[in-house]
Amino acid sequence: MPVPVSLMSSQMLSPQVTPTNCIHTEPQCTAQYAGSDIGTGSLYVAETAISWVREDSMGFSLNYKQLIAHAISKDVSAYPRPCVYMLYETDKRQTAPSPPMGDEDGDEEEEEDSGNVEIRIAPHSETSVGKIYESISDGQLLHPDDDNSEEEGEEEEEGYMGGGGLG
């Protein structure tokens with residue numbers, strides 16, 4: 001089902017199913033995607049993904065392996081209230097959200113070129129920001145970066161092989 005243009009300037013929102021195995025659930029969270037406010041919905045930090053869903057069941061889901069960074073932001077010049085900031089790597093081969101189109105300030109083009117998008121989640125209760133951050137951290141621990149694991153293993157192997165040479 002296509003997303004109406006009046007709701008979003010792109011098709012980054014899609015029908016969502018409420019996740020199971022949630023580490024944390026937070027109702028009444030405002031979401032901002034690539035600088036565009038996209039409404040209020042519930043945040044589900046599950047073992048498998050981070051999902052944000054509006055009452056009409058439209059929302060987005062983020063894969064932990066593509067989450068580059070997350071932090072607590074209290075900078076009111078970036079967002080008017082405390083929130084969880086996430087930098088997310090978009091990948092056209094995945095079903096991950098794509099950045100909204102038509103941003104006039106030029107930042108949009110840079111984000112599209114880099115393949116990264118900024119997402120902010122602001123809960124109704126400011127005291128929940130820390131809980132959300134910790135829950136996302138816990139979820140990330142369940143999904144270690146495959147690339148780093150392989151590289152570290154190769155380095156250890158190479159170091160071992162190189163250190164015991166004959167001569």
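**Rings and their labels**

Mentor: Trp52 is buried, at a relative accessible area of 0%. This is a predicted model, where local features need pLDDT of at least 70, side-chain atom pairs count only at pLDDT 80 or more, and totals for chains, interfaces and linings use all residues. Residues are numbered from 1 along each chain as its sequence is written, and side-chain values use heavy atoms, leaving out hydrogens and water.

Trainee: Why is Phe60 called buried?
Mentor: Buried means under 20% relative accessible area, exposed over 50%, and partly exposed in between (1.4 Å probe, protein chains only). Phe60 has 2% relative accessibility, so Phe60 counts as buried.

Trainee: Why does Cys22 count as partly exposed?
Mentor: Its relative accessibility is 31%, so Cys22 falls in the partly exposed class. Cys29, at 0%, is buried.

Trainee: What makes Tyr33 and Phe60 a tilted pair?
Mentor: Rings of Phe, Tyr and Trp (its six-membered ring) pair if their centres lie within 6.5 Å; planes under 30 degrees apart are stacked, over 60 edge-to-face, and the rest tilted. Tyr33 and Phe60 are 6.3 Å apart centre to centre with 50 degrees between the planes, hence tilted.
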